[in-house]
Amino acid sequence: DKGVYPYYMLKEVDEQAIVARTLSQHYFDDDNQIQNIDPAIIEAIQSADRLYIVAAGTSYHAGLVGKRYFEQWTGKPTEVHISSEFAYDQPLLSDKPFFIFLSQSGETADSREVLDNVIKQGFGSLTIANVMNSTLTREADFALPLLAGPEIAVASTKAYTAQIIVEAILAHAAGNSTLDLKHELAKVAVEMQVIIDQKEVFKTIAESALRDRRSAFYIGRGLDAAVAVEAALKLKEISYVQTEGFAAGELKHGTISLIEEGTPVFALLTQTKTAGLVRGEIAQVTARGANAVIISSKALAKAGDAYVLPEVNELLMPLLTVIPAQLIAYYATLDRGLDVDRPRNLAKSVTVQ
Ligand code: F6R
């Protein structure tokens with residue numbers, strides 16, 4: 001039930017702080033210890049020599065973020081793969097691979113095809129999904145829930161942030177991070193709500209930057225590049241504004257020729273190490289006429305940035321950065337008079353290959 005909301009997507013964006021709290025309560029006990037994760041899952045990750053995250057669409061994008069957690073906290077090389085590619089073009093695997101499937105629905109045919117192949121080859125697997133008792137959760141060796149509640153809008157929002165949170169918790173549980181993750185996630189939930197409560201800002205940004213525009217860009221480096229591809233998918237799939245999301249450093253290798261007078265370029269700037277470089281890339285597109293819309297974190301903000309994100313641990317910033325992108329996509333679509341929840345040509349769950 002949409003309740004007071006005009007669209008499910010807006011309701012689901014709004015629910016993200018609650019989902020963050022629910023996940024924290026589910027996976028941490030009162031003494032900050034991990035609970036509700038089968039020790040055999042931790043054991044399987046620790047004894048693997050490489051992790052393979054396999055997923056499609058938005059879930060794949062959540063994998064691009066999770067890769068950083070598994071690599072930083074467990075020290076395991078982690079590859080992220082698109083299921084439709086992996087299924088028919090399996091890369092050379094390591095000696096002891098462990099597979100992590102990410103899925104909202106648990107029914108995505110491309111991912112099911114990969115899981116079938118993985119099982120046939122005798123490798124271990126875990127599915128992290130929102131719909132439990134789905135094909136992917138039943139057929140993998142292990143399953144962990146996203147606890148995001150039903151996601152009805154075709155554009156995935158709360159499942160993405162839930163996937164990132166569960167990946168963080170799992171990598172933390174299997175690794176040696178010294179982060180007080182439970183405390184950090186509590187901060188994330190508070191700051192998510194701060195952004196959600198300022199949603200009118202993103203309506204203004206969407207209307208001024210995207211009205212009558214046919215194309216747009218999202219750029220960033222590192223974790224911001226991972227969020228940029230998700231941000232671009234959100235915007236293009238519901239508003240039909242053709243949007244490219246990619247690593248900011250790649251602009252100069254070709255794409256910058258697409259920049260015209262007024263082209264909206266959303267720049268995500270939350271990573272200290274590369275902030276200076278991204279500022280330079282913003283200057284280059286601006287010099288070619290782009291309308292740069294900068295979404296930065298507090299510590300890296302400069303006068304003129306369109307929106308300054310509250311601050312949490314830098315590794316967890318994607319959980320905040322994606323929310324403006326979700327809301328910009330929502331309001332741009334609304335502004336075009338389109339059905340936010342049901343974009344043309346798309347189904348919620350893609351059960352064909
Ligand atoms: C985009 C979107 C899709 C799904 C993809 C995978 O907003 O929803 O890209 O993420 O079809 O679906 P699941 O996660 O159900 O496997």
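**View 1. Helix H4 and the lining of the largest pocket.** H4 gives the most to the lining of the largest pocket, with three residues. Helices here are DSSP runs of H or I with at least four residues, strands are E runs of at least two, and both are numbered from the N terminus. This is a predicted model, in which local features need pLDDT of at least 70, side-chain atom pairs count only at pLDDT 80 or more, and totals for chains, interfaces and linings use all residues. Residues are numbered from 1 along each chain as its sequence is written, and side-chain values use heavy atoms, with hydrogens and water left out.

**View 2. The largest pocket as a whole.** A pocket is an open set of points on a 1 Å grid over the protein atoms alone, where a 1.4 Å probe fits, with protein on both sides within 12 Å along at least five of seven lines; lining residues have an atom within 4 Å of a point. The volume of the largest pocket is about 470 Å³. Among its 21 lining residues, Ala56, Gly57, Thr58, Lys348 and Val350 are the closest to its centre. Two or more lining residues come from each of H4, strand E3 (97-103), helix H6 (109-120) and H11. By class, the lining has seven nonpolar, 10 polar and four charged residues.

View 3. Helix H4 (57-74) and helix H11 (223-239) are the elements that give two or more residues to the shell around the ligand. Of the 13 residues around the ligand, Ser59, Ser103, Gln104, Thr108 and Glu237 come nearest, where being near takes a heavy atom within 4 Å. The shell divides into three nonpolar, eight polar and two charged residues.

View 4. A polar side-chain atom of Ser59 lies 2.6 Å from a ligand oxygen atom. In the side chain of Ser103, an N or O atom is 2.6 Å from an oxygen atom of the ligand. Thr58 has a backbone N or O atom 3.1 Å from an oxygen atom of the ligand.

**View 5. The second largest pocket.** This pocket has a volume of about 210 Å³. Its lining includes Arg213, Arg214, Phe217 and Glu260. Strand E6 (215-220) and strand E7 (242-247) each give two or more residues to the lining, and E6 has the largest share, three residues.

Technical notes. Polar contact = N/O pair within 3.5 Å; in protein donor to acceptor, adjacent residues only side chain to side chain. Nonpolar A, V, L, I, M, F, W, Y, C, P; charged D, E, K, R; others polar. Points joined across faces, edges and corners; volume = space filled by probe spheres on them.
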